[in-house]
Amino acid sequence: MAHILIVDDGLSSQKILQVFLKKWGHKTTVIPTIARARRFLSQKKDIQLVILDRMLPDGDGLQLCRQLKRNPRTRILPVIVLTGLTKFREEINSYHSGTDLHLTKPVDFTKLRHYVNAILHRLPYRGETPHSLVCGPFVLQPDENKVFVGDQALPQLPTKIFRLLHLLA
């Protein structure tokens, strides 16, 4: 069972997604705005998938997607964009923003179920470790020898100091 965050302000979309996702065995949390979703995601660590609308009261859902993909703590969090925007250019914008899947409404729920299962089956939920190591307020990216505090990258550390920090984490 996965915990899935639904970021959508449409009551009918919220309800139908909740019904199907719960029927498929998942826990859901529904949030109607980008700002509230940001606050929620900064506090909750158990979200395994975000289903995101594009047209939200406080902006384009892709803003949240880009923020999630830039943040070392959330960059591996899968995002499905579910939108009424049907133009091909909108789909391309979604993928350029880091979304894992772009679907247009009305959605085929049989397909959605298979997509959700496939995405949740992928890394890192199969036991592989992410490319980031979280230690208190610090996020280490060993592949790139980078250290972050929150969203802020620290100046490049000498290799020996980075290795020591990585060892201690």
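**Exercise 1. Classify His102 as buried or exposed.**

Solution. His102 has a relative accessible area of 6%, so it is buried. Here buried means under 20% relative accessible area, exposed means over 50%, and partly exposed lies in between (1.4 Å probe, protein chains only). Next, locate the residue: His102 sits in strand β7. Strands are DSSP runs of E with at least two residues, numbered from the N terminus. Last, check its side chain. It makes a polar contact with the side chain of Ser94, at 2.8 Å. A polar contact is a pair of N or O atoms within 3.5 Å; within protein, one must be able to donate a hydrogen and the other to accept it, and residues adjacent in sequence count only if both atoms are side-chain atoms.

**Before you go on.** This is a predicted model: local features need pLDDT of at least 70, side-chain atom pairs count only at pLDDT 80 or more, and totals for chains, interfaces and linings use all residues. Residues are numbered from 1 along each chain as its sequence is written, and side-chain values use heavy atoms, leaving out hydrogens and water.

**Exercise 2. Give the strand order of the open sheet.**

Solution. Five strands run in the order β2-β1-β3-β6-β7, with parallel pairing. Two strands pair if DSSP finds at least two bridges between them. Now find the edges: β2 (27-31) and β7 (101-104) each pair on one side only.

**Exercise 3. Trace the pairings of β3.**

Solution. Start with β1 (residues 3-7). It pairs with β3 (residues 47-52) in the parallel sense, over five bridges. Then turn to β6 (residues 79-83). Three bridges join β6 to β3, and the two run parallel. Here Ile51 stands opposite Ile80.

**Exercise 4. Explain why β3 counts as largely enclosed.**

Solution. Count the buried residues. Five of the six in β3 are buried, so the rest of the structure largely encloses this strand.

**Exercise 5. Which residues make the nonpolar surface patch of about 210 Å²?**

Solution. They are Phe138, Val149 and Leu154. Phe138 belongs to strand β9 (residues 138-141). Its relative accessibility is 35%, so Phe138 counts as partly exposed. Patch residues have over 30% relative accessible area and no salt bridge; nonpolar side chains (Val, Leu, Ile, Met, Phe, Trp, Tyr) are joined within 5 Å, like charges within 9 Å. A salt bridge is a side-chain nitrogen of Lys or Arg within 4 Å of a carboxyl oxygen of Asp or Glu.

Conventions
Helices (H or I, at least four residues) and strands (E, at least two) are DSSP runs, numbered from the N terminus. Accessible areas come from the Shrake-Rupley method with a 1.4 Å probe; for residues, only the protein chains shown count as cover.
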